Amino acid sequence: MSSSRTRRLRRAAAPLTAAALALGIGAALTTPAAASGTYHGGAYVNGSGSMTNGDWNNEGVVNVSTHRNSNVACLWQTVLWADGYMSASDIDGIFGDQTHAATVRWQRDRGLVADGSAGRNTWTKAGQRLNNSNTERSPDGFWYGGYAGKNTSFMVRSSSAGNWGFAEPGSSIRWATYNTRTCS
């Protein structure tokens with residue numbers, strides 16, 4: 001290839017490289033993309049209108065292969081903790097073998113198909129435990145109340161857009177996203 005042609009190609013490549021870099025940075029700074037595998041297609045656990053008992057009835061799947069490393073996995077592990085199936089130290093936002101086994105036990109104890117995957121029926125069943133009976137502790141949020149015989153609960157809240165946040169034991173509110181993991 002001639003040296004003049006090589007110079008022309010290099011000069012043409014520089015603006016294209018800069019444009020591609022700018023697009024990549026812009027995409028990284030925007031809000032999370034919609035999550036595949038969610039029933040509502042959103043990037044967050046999301047409700048419609050005001051928070052209500054049972055508002056988790058259209059959430060996506062979280063399991064060992066879908067949204068495995070996410071804040072939604074962290075939220076699900078926090079549910080399992082509140083219901084006595086995991087310890088607080090096991091909440092890490094990674095849906096691994098231990099979370100799968102705990103999910104199977106949780107589902108079996110509630111008469112659900114015990115497939116180890118937190119899908120629509122599992123989220124719906126868990127959502128029945130959302131309540132606002134602890135308003136003196138959280139005037140702008142709800143609580144997930146642990147099942148019978150468990151003295152555990154955790155705070156959940158909703159943004160003005162309906163996106164759910166939660167506070168696992170000993171932490172501040174984090175948003176329940178399908179695409180990111182900030183709990184550890």
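Buried means under 20% relative accessible area, exposed means over 50%, and partly exposed lies in between (1.4 Å probe, protein chains only). By that rule, 43% of the 184 residues of the protein count as buried.

This is a predicted model, in which local features need pLDDT of at least 70 and side-chain atom pairs count only at pLDDT 80 or more, while totals for chains, interfaces and linings use all residues. Residues are numbered from 1 along each chain as its sequence is written, and side-chain values use heavy atoms, with hydrogens and water left out.

**Stop 1: the whole chain**

Colour by secondary structure. The protein has four helices and five strands. Here helices (H or I, at least four residues) and strands (E, at least two) are DSSP runs, numbered from the N terminus. Along the sequence the pattern reads α-α-α-α-β-β-β-β-β. Now turn to contacts, meaning heavy atoms within 4.5 Å. Among contacts between residues at least 6 apart in sequence, 51% join residues at least 24 apart.

**Stop 2: the sheet**

Select the five strands. They form an open sheet in the order S1-S2-S3-S4-S5, with antiparallel pairing. Strand S1 (130–131) and strand S5 (174–175) are at the edges, each with a single partner strand, so one side of each has no neighbour in the sheet. Two strands count as paired if DSSP finds at least two bridges between them. Strands of a sheet pair through backbone hydrogen bonds, either parallel or antiparallel.

Zoom in on S1 and strand S2 (residues 142–145). Two bridges pair them in the antiparallel sense. Which residue of S2 stands opposite leucine 130? Tyrosine 144 does.

**Stop 3: helix H2**

Select residues 71–82, which make up helix H2. H2 lies across S2, strand S3 (153–158), strand S4 (164–166) and S5. Its direction is at about 145 degrees to S3. Axes are lines fitted to C-alpha atoms, for helices over the stretch in contact, and angles run from 0 to 180 degrees between N-to-C directions.

Step back to histidine 67, in the loop between helix H1 (3–29) and H2. Histidine 67 is buried, at 13% relative accessible area. Its phi is positive, near 55 degrees, in a residue other than glycine.

**Stop 4: the disulfide**

Show the cysteine sulfurs. A disulfide is a pair of cysteine sulfur atoms within 2.5 Å, and by this rule the count is one. Cysteine 74 is joined to cysteine 183, S to S 2.4 Å. The pair links distant parts of the chain, 109 residues apart: cysteine 74 is in helix H2, and cysteine 183 is in the segment after S5. Are these cysteines buried or exposed? Cysteine 74 is buried, with a relative accessible area of 0%. Cysteine 183 is buried too, at 1%.

**Stop 5: the nonpolar core**

A nonpolar core is a set of buried Ala, Val, Leu, Ile, Met, Phe, Trp, Tyr and Cys residues joined through side-chain atoms within 4.5 Å. The largest one has 31 residues. Select Trp56, Trp76, Tyr144 and Phe154, which have the most contacts inside it. H2, H3, H4, S2, S3 and S4 each supply at least two residues of this core. Its largest share, nine residues, comes from H2.

Centre on phenylalanine 154. Leaving aside neighbours within four places in sequence, its contacts include Leu75, Val79, Trp81, Trp143, Tyr144 and Phe166.

**Stop 6: helix H3**

Select residues 97–109, helix H3. At 1.5 Å a residue, its 13 residues should span 18 Å, and its end C-alpha atoms are 18 Å apart, which agrees. The expected span is 1.5 Å times one less than the number of residues. Thr99, Ala102, Thr103, Val104, Trp106 and Gln107 are its buried residues. They pack against H2, helix H4 (120–127) and S2. Glycine 111 follows H3 and has a positive phi, near 75 degrees.

**Stop 7: two loops**

Go to asparagine 163, in the loop between S3 and S4. Asparagine 163 counts as buried, at 15% relative accessibility. Not counting residues up to four places away in sequence, its contacts include Tyr44, Arg157 and Trp175.

Finish at proline 169, in the loop between S4 and S5. Proline 169 is partly exposed, at 31% relative accessibility. What does it touch, apart from residues up to four places away in sequence? Thr78, Trp81, Ala88 and Ile91. Proline 169 and alanine 88 are 81 residues apart in sequence, yet 6.5 Å apart in space, C-alpha to C-alpha.
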